Amino acid sequence: MAKKQSKQIKVQSVKGMRDILPGEQPSWDLVRDKVKNFGQNYGFERIDTPILEFTNLFKRTVGENTDIVSKEMYSFVTLGGDKLSLRPETTASVARSYIEHGMLNLPQPVKLYYLGPQFRHDKPQAGRYRQFWQFGFEAIGDSDPVIDAELISISYHLLKEIGLDIEIHVNSIGDSECRSHYLKVLKQYYQGHRKDLCADCKDRLNKNTLRLLDCKNKKCENLAAEAPQIIDHLCDECKNHFMLVLEYLDELDIKYTLNPKIVRGLDYYTKTTWEIMEIGQEGKLQALGGGGRYDDLISLIGGRPTPAVGFAMGIDRVIAKMQELKIKVDKPNSRDIYIAQLGIEARKKALNLVEELRATGFQVASNMSKKGLKDQLELANKKGVKYTLIIGQKEISDSTILIRDMESGVQEIIDIKKVKNEIRKRLDSYEAKSIKLKK
Ligand code: ATP
Ligand code: MG
């Protein structure tokens, strides 16, 4: 009976979703730490929003005719009848939270950052998952182009500091007024070439014309290269805004490429849009993230008109790139020790010692269920600790403990009362030595 049941369980993760195993965690930690560090240093506060939101939030903001909402959302009706979706992105949630918590009463702009999983029913392939991770920075409540430049700068420096080779591609897609004029011109252009469009673009033509510029089909790409550019159709205000963004970027010495095809896949963007491109083999570009101004988003969901700008970065792609470039991830300075014990009484003592040492700030590894010393020393070796403390029957009666240098194998007997000071002394001198060696 039991056998039959276990046959029915598929022991594999859901398609497009995967485990991030311990071996990969140091790279992930590096990115997560960098994001937290940038948040702190640039005055952005962390926000976490729920993974589930009402489906309408995304329909209204990301847009019904976008790929994300029309094809990629995990949506369902709860037993209570609520229509919910796993978040495909987080900006809409942050905007919802801004309104819900009356953040408009705080000094503006409110600067927030997030980091968490997103869900899109994408076609799984390299760099494309159904659960993937993003971090993002948002500045809500200010329309000044200097904020756009600051956010572009943060997205740029963060990836540069990780060691990636990147380019910033910028564009402006105007505001709802000048864009609606441009869209007429663009639609006219594409209608003239309708027969050459891919099936998806034929369908998009009346629903989301801007997205035709972004299609990856070869024929559509060629048409996009010849298409009228929005930059020639911006109103004075949008044009001035864009020019100032570029001036600030020049001032910050951030190189950028003007790219009229950066229109982004979501409806809520206005004015400045940008993508962070990673330069791959043979100069092939891949987007690691993107951002833009979204002055209409807050009012779209019922808030009073509130200008804002932000970006989101795909962590999975950043990690893949780090691995490809073999970017070295330094392990944090290890304050690890291992405790080996022999016999029940020694084990009891060792259990207490783990607590004592851990409370003083040491990282203490052990395998308390193991009995033999050889086994335990092997495990200590695998862990890569510098020192192992060994306690047995004899040490208990003498109130001593053995300290073993794992590199040289030399063991010394020390007074158990002095154990903390002894370890600290040795780890400190070990660190001082390795710092000297690095120099
Ligand atoms: P693409 O054109 O590659 O589908 P997108 O326009 O849908 O990208 P955005 O919504 O701009 O992506 O999300 C920002 C970043 O999030 C992307 O540049 C990418 O790094 C990451 N991202 C988006 N979708 C996925 C996914 N399915 N798997 C992994 N990362 C993703
Ligand atoms: Mg996509």
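A nonpolar core is taken here as a set of buried Ala, Val, Leu, Ile, Met, Phe, Trp, Tyr and Cys residues joined through side-chain atoms within 4.5 Å, where buried stands for under 20% relative accessible area, exposed for over 50% and partly exposed for anything in between (1.4 Å probe, protein chains only). The model is a predicted one, with local features needing pLDDT of at least 70 and side-chain atom pairs counting only at pLDDT 80 or more, while totals for chains, interfaces and linings use all residues. As for bookkeeping, residues are numbered from 1 along each chain as its sequence is written, chains are lettered from A and ligands numbered from 1 in the order in which they are written, and side-chain values use heavy atoms, leaving out hydrogens and water.

The largest nonpolar core has 46 residues, and the ones touching the most other members are Tyr190, Leu197 and Leu213. Helix H7 (residues 176-191) supplies the largest share of this core, at five residues; helices (H or I, at least four residues) and strands (E, at least two) are DSSP runs numbered from the N terminus. Beyond residues up to four places away in sequence, Leu213 touches Tyr182, Leu186, Tyr190, Ala224, Ala227, Pro260, Lys261 and Val263, with contact meaning heavy atoms within 4.5 Å. Apart from this core lies another, of 38 residues, including Phe38, Leu115, Tyr156 and Ile168.

Leu115 turns up again around Arg32: not counting residues up to four places away in sequence, Arg32 touches Gln25 and Leu115. Arg32 sits in helix H2 (residues 25-41) and is buried because its relative accessible area is 18%. Its side chain also makes a polar contact with the side chain of Asp29, at 3.3 Å. Such a contact is a pair of N or O atoms within 3.5 Å; within protein, one must be able to donate a hydrogen and the other to accept it, and residues adjacent in sequence count only if both atoms are side-chain atoms.

Val69, in helix H4 (residues 67-72), counts as buried because its relative accessibility is 12%. Leaving aside neighbours within four places in sequence, Val69 is in contact with Phe58, Lys59, Val62, Gly63 and Glu64.

Over in the strands, E15 (residues 400-405) and E16 (residues 411-415) pair in the antiparallel sense over five bridges, pairing being called when DSSP finds at least two bridges between two strands. Arg404 has Gln411 of E16 as its bridge partner. Five residues lie between the strands of this hairpin, and Gly409 takes a positive phi near 80 degrees there.
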